[in-house]
Amino acid sequence: MNQESPVLIVVDDSDDDFMLIQRRVLQTWPNAALIHVDNPADLREALEGVAPDIVICDYSMPDITHDEAARLVNEYRPDTPLILLSGHATDALGVLAMQGGIRDYVEKSKPERLVPAIERELNTRKLKHEKAQLEMAHRRAVFFDSGTGLLNRLGLETTLPKLLGQNEGRQDLALLTIRLSRRNVQDANAGFSIKKLGMQKTLERCQQLFKNDIVCRWSENLLVVITGGFDWNRPLSESVDRLDSIESELCRPFVIESIPVRPSIHIGLARIGTDGTVPADLVQHAQAVCAVLQADNKGLFNALQASTHQAAARRKAIEKGLAHGIEHNELTLDFQPVEDLSTQKVVGVEALVRWTHPTLGRIMPQEFIGVAEDSGLIEALGFWVLEHAVDRLLDLHQKGHMLWCAVNCSPGQLLNADFAKTACEHILSRGLDPKWIEFEITESAAIDDMDRTVQALKNLRSYGCQIAMDDFGTGYASLNYLRALPVDVLKIDKSFVMDLLDDPSSQMIVKAVIDLAHALKLTVHAEGIETDAQRQTLIDMGCDRLQGYLYAKPLDSQRLLEWLA
């Protein structure tokens, strides 16, 4: 609306009266546009053609009544103010008309009141317009993601109940989760700018693919899509084809700066209604389905199988129970001894977390740690392990066993800027020198966000902690990454040790890793030692430390003391 050039429709059967109105209006607003009509058809056509700021209507006309004019205005341009203008009606009738929805009433015998009435309505309309804009801006700030313009989490939580209310009984809705990995470019040597562009292009592809659906940016790297067309009562082949199409389109490579980029995307699915109706529950279920598919290396179409959703339900139960278990100290720590080959003595232990679920029973770490990573519980779990490992280590020291203790450190912990300070201050507060704690990271954790990882590791080392790279050889860290990372120990994965005696390739790999680590002045630590022959072979190769069942299976703190004795 432009207050310098308002648009007015004048409904009046008198050309002279229209001319008088026009003259007064143009004296105040020279650029105003006035449209003159005197019957229902012309008024309807005018309302369809323009959006007037005000409609001025005569009280009494032969071809159209002011009531009919008001009805048409309300039908075609609701909320447009209508000013009644008459030379015959009484004040009482004018007031009555205003009670019926007319905005204002001006007597023709008092034409000087017309311009102030128009000004008042224009100002009121302007204020309403500004208020609407502010409300829209507020709504966008509250319910939409500022970076993409998509719905945010709160927006979806507000929208989905309305959608379900409007489509009660609808059975073909599904919720998809699409996680865009920070490690979006599968070529580990690609630079940060290429990875960032890859993320943007992947996001744009998602928006284009689901342009007719509800798309939400649930978190920084997680999109949620509400889409129809999955009729669970029809043959599965139709839904399989659609899921295959979605997966292949989102994972289709593109080229950035002459580098082929294959998006790293993980997709989950929940059936709206069957798996829940609350967005948070549906997202949690879809993410659990995604994790099950990843763990089993299965395609997205397997999300249509009942067994997948049963496994997802178990995963959700684990997540819920794990949060309770951490809070109520249901977890326990076992410890596995480590031999230093230069002294042939046990010099340290690795802390391994264990958990027995109240109803699901014993759950292996590789299952619940993955759940903790995906659910955001990993920091709480990691701190619980560190806290209890420090306490057990202090007990060992008091009993004369001066061992160090290795604890695993997750990507989520490393990427928390306060992790090193918080962890080491806790160690110091318990009266333990941080040099007795060795933090283990994995290859994938190290390169997920290289800059922040390097800084976090430097911070840990500044307190005196040792850093070990765990499971070396199973990921895809280049030698360049290894050189850049501030680590002290390289741990050879047990998969290489298992084949050490029978597979010449494994022997060459292990020997090459040992020589490489020593060239970089790193300590080499081999896991999974089960036989004397494996131990001797690794001694001959120059390995520094060994760990495995040959020495002991993981032991609780009491059995560890007995074993050490």
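First, the ground rules. The model is predicted, so local features are limited to pLDDT of at least 70 and side-chain atom pairs to pLDDT 80 or more, while totals for chains, interfaces and linings use all residues. Residues are numbered from 1 along each chain as its sequence is written, and side-chain values use heavy atoms, with hydrogens and water left out.

Overall, the chain has 21 helices and 20 strands. These are DSSP runs, numbered from the N terminus: H or I of at least four residues for helices, E of at least two for strands. Of the 565 residues, 47% are buried. Buried means under 20% relative accessible area, exposed means over 50%, and partly exposed is in between, with a 1.4 Å probe and protein chains only. For contacts, the cut-off is heavy atoms within 4.5 Å. Among contacts with a separation of 6 or more, 66% are between residues 24 or more positions apart.

Next, the cores. In soluble globular proteins, nonpolar side chains tend to be buried together. A nonpolar core here is a set of buried Ala, Val, Leu, Ile, Met, Phe, Trp, Tyr and Cys residues joined through side-chain atoms within 4.5 Å. The largest one holds 78 residues, and L381, C405, V407, I437, F439 and L460 have the most contacts inside it. Helix α12, residues 378-398, gives the most to this core, ten residues. A second, separate core has 26 residues, including I178, L203, I246 and A288.

What does L460 touch, beyond its neighbours within four places in sequence? The partners of L460 are F419, A420, C424, F439, C465 and I467.

On to the second largest pocket, with about 310 Å³ of space. Its 16 lining residues include E247, I265, H266, Q294 and K298, the closest to the centre. A pocket is an open set of points on a 1 Å grid over the protein atoms alone, where a 1.4 Å probe fits, with protein on both sides within 12 Å along at least five of seven lines; lining residues have an atom within 4 Å of a point. The volume is the space filled by probe spheres set on the points, which are joined across faces, edges and corners. Strand β11 (263-271) and helix α9 (279-295) each supply at least two lining residues, and β11 has the largest share, five. By class, seven are nonpolar, six polar and three charged. Charged means Asp, Glu, Lys and Arg; nonpolar means Ala, Val, Leu, Ile, Met, Phe, Trp, Tyr, Cys and Pro; the others, Gly among them, are polar.

Now helix α10, residues 306-327. Its 22 residues should span 32 Å at 1.5 Å a residue, and the end C-alpha atoms are 32 Å apart, which agrees. The expected span is 1.5 Å times one less than the number of residues. Buried residues in α10 include T308, H309, R315 and K316. After α10 comes N329, with a positive phi near 55°.

Last, more backbone angles. Most residues other than glycine have a negative phi. Q344 has a positive one, near 55°, and sits in the loop between β12 (331-340) and β13 (345-357). Q344 is exposed at 55% relative accessibility. R535, in helix α20 (532-541), touches Q344, as well as E339 and L341 among others. R535 itself is buried, at 17%. K521 also has a positive phi, near 60°; its loop runs between α19 (504-519) and β19 (523-526), and K521 is exposed at 76%.
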